[in-house]
Amino acid sequence: MLNLLRRAAPGLVTDPVGAAWRPPEDAIWIDLVSPTREEELAVEAAFEIDLPTREEMAHLEPSSRLYQEDGVTFLTATLLSHSEDQHPIPTPVTFVLARGVLITIRYEQLKAFRIFAERCKHVQIEEGAEVLLELLDAVIERAAEVLERESSLVQETSVAIFNRPPSTAFAPMLSDLARAQSVTSMIRKSQLSLSRLASFAALAPELQDREGRRGHLVSIQHDIQALTEHSGFLSNHISFLLDAALGLINIEQNSIIKFFSVVAVVFLPPTLVASIYGMNFDHMPELHWLLGYPFAMLLMVLTAIAPFWWFKKKGWL
């Protein structure tokens, strides 16, 4: 699908691509969403450039994601998609600055793009470079929103772990922490790729000729750095909570094992006494003694109490 943003008309519109398709003269953003080969060829012919395919975007080496060719700037970053689902995924997105027009290529629906598309209806944008800066702002805002949501989830899980009733299972908490760790790691990876993108974007001619745009790009770089640091802190916090949860699980398991061990030790001496008096030897004086049965029962009780008292004295219980 090919969407267009024009300088004179607010909001994105879907533009059908035919054999003789040409972009409008006032087009400033072309958004290719899971484009067909026909759409890719039409844009390549209109701007005389070679767009990366989906396979090339996925397998580009980090050093090949940012480059300039014939005055056109190619920027590829990894963004987080489906962040609200159970299993978010990273997806590559390519930004191309070509003769005042921004071309984006993506193969997933991204909320940051939808947010920016709505914002375009109320904001006047003149060139593709401004679209790139505003779009990066929307991407960073979305990443901050996801991080804030995951941070709140981690805080709730932290309270649940350390104030957990004895009957509450750890499994749901560990599942939430594992998902939060996965999302945070992907956001951190995304921010690192955006940081490299923003640094290289400063070399684009469209961003060098305006002081305001350079300042905007510097602000974006600072925001990316802040989010990267925050995601690192959150990742460390999640790791601590995972270690704490596993430690509490081990303590509970040790308590259970200790309980069964104490029970086994407490009943071992009475079992020994009962085994001795169950041998039925003829020459066992207590067998013919009137108080033999009460004596054996008393002896078993005493041999059970003695280990229990010893454990309590040692502070093992």
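Mentor: Keep in mind that this is a predicted model. Let's start with helix 3, residues 111-119, and helix 4, residues 128-162. Their axes come within 9 Å.

Trainee: At what angle do the axes of helix 3 and helix 4 cross?
Mentor: They cross at roughly 130°. That makes helix 3 oblique to helix 4.

Trainee: Is the crossing of helix 3 and helix 4 right-handed or left-handed?
Mentor: Helix 3 passes helix 4 in a right-handed crossing.

Trainee: And which residues meet there, between helix 3 and helix 4?
Mentor: From helix 3, you have K111, A112, F113, F116 and R119. They meet V131, E134, L135, A138, V139, E141, R142 and E145 in helix 4. By class, that contact has seven nonpolar and six charged residues.

Trainee: Which residues of helix 3 are buried?
Mentor: A112, F113, F116 and A117.

Trainee: How wide an arc do those cover around the axis?
Mentor: An arc of only 140°, which puts them on the same side of helix 3. An α-helix has 3.6 residues a turn, so residues three or four places apart point the same way.

Trainee: What covers the buried residues of helix 3?
Mentor: The cover includes helix 4 and several strands. Look at strand 3 (27-33), strand 5 (72-81), strand 6 (89-98) and strand 7 (101-106).

Trainee: Let's stay with helix 4. How do the axes of helix 4 and helix 7 cross?
Mentor: The axes come within 10 Å and cross at roughly 20°. The cut-off for roughly parallel is under 35 degrees. That makes helix 4 roughly parallel to helix 7.

Trainee: Which hand is the crossing of helix 4 and helix 7?
Mentor: Left-handed. By class, the contact of helix 4 with helix 7 has 21 nonpolar, seven polar and six charged residues.

Trainee: Is S235 buried or exposed?
Mentor: At 16% relative accessibility, S235 counts as buried. The cut-off for buried is under 20%. Leaving out residues up to four places away in sequence, S235 touches Q181 and T184.

Trainee: New topic, loops. Where is P52?
Mentor: P52 is in the loop between helix 1 (37-47) and helix 2 (54-59).

Trainee: Is P52 buried or exposed?
Mentor: P52 is buried, with a relative accessible area of 7%. As for contacts, P52 touches M57, F74, T94 and I105. That list does not count residues up to four places away in sequence.

Trainee: How far apart are P52 and T303?
Mentor: In space, 81 Å, C-alpha to C-alpha. In sequence, P52 and T303 are 251 residues apart.

Trainee: Where does H82 sit?
Mentor: H82 is in the loop between strand 5 and strand 6. Its relative accessible area is 32%, so H82 is partly exposed.

Trainee: What's the phi of H82?
Mentor: Near 55°. That is a positive value in a residue other than glycine. In general, most residues other than glycine have a negative phi.

Trainee: And what's the phi of R99?
Mentor: Near 50°, also a positive value in a residue other than glycine. R99 is found in the loop between strand 6 and strand 7. At 52% relative accessibility, R99 counts as exposed.

Trainee: What about Q109, where is its place?
Mentor: In the loop between strand 7 and helix 3. Q109 is partly exposed, with a relative accessible area of 44%.

Trainee: Which residues does Q109 touch?
Mentor: V33, S81 and R114, not counting residues up to four places away in sequence. The C-alpha atoms of Q109 and H82 are separated by 8.0 Å. Along the chain, Q109 and H82 are 27 residues apart.

Trainee: Last one. Where is E69?
Mentor: E69 is in strand 4, residues 66-69. At 39% relative accessibility, E69 counts as partly exposed. E69 and E156 are 87 residues apart in sequence. In space they are 49 Å apart, C-alpha to C-alpha.

Note on methods. Residues are numbered from 1 along each chain as its sequence is written. This is a predicted model: local features need pLDDT of at least 70, side-chain atom pairs count only at pLDDT 80 or more; totals for chains, interfaces and linings use all residues. Side-chain values use heavy atoms; hydrogens and water are left out. Axes are lines fitted to C-alpha atoms, for helices over the stretch in contact, and angles run from 0 to 180 degrees between N-to-C directions. Helices (H or I, at least four residues) and strands (E, at least two) are DSSP runs, numbered from the N terminus. Angles under 35 degrees count as roughly parallel, over 145 as roughly antiparallel, 65 to 115 as roughly perpendicular and the rest as oblique. A crossing is left-handed if the near helix is turned anticlockwise from the far one by less than a right angle, and right-handed if clockwise. Contact means heavy atoms within 4.5 Å. Ala, Val, Leu, Ile, Met, Phe, Trp, Tyr, Cys and Pro count as nonpolar, Asp, Glu, Lys and Arg as charged, and the others, Gly among them, as polar. Buried means under 20% relative accessible area, exposed over 50%, partly exposed in between (1.4 Å probe, protein chains only). The arc is that of the directions from the helix axis to the C-beta atoms.
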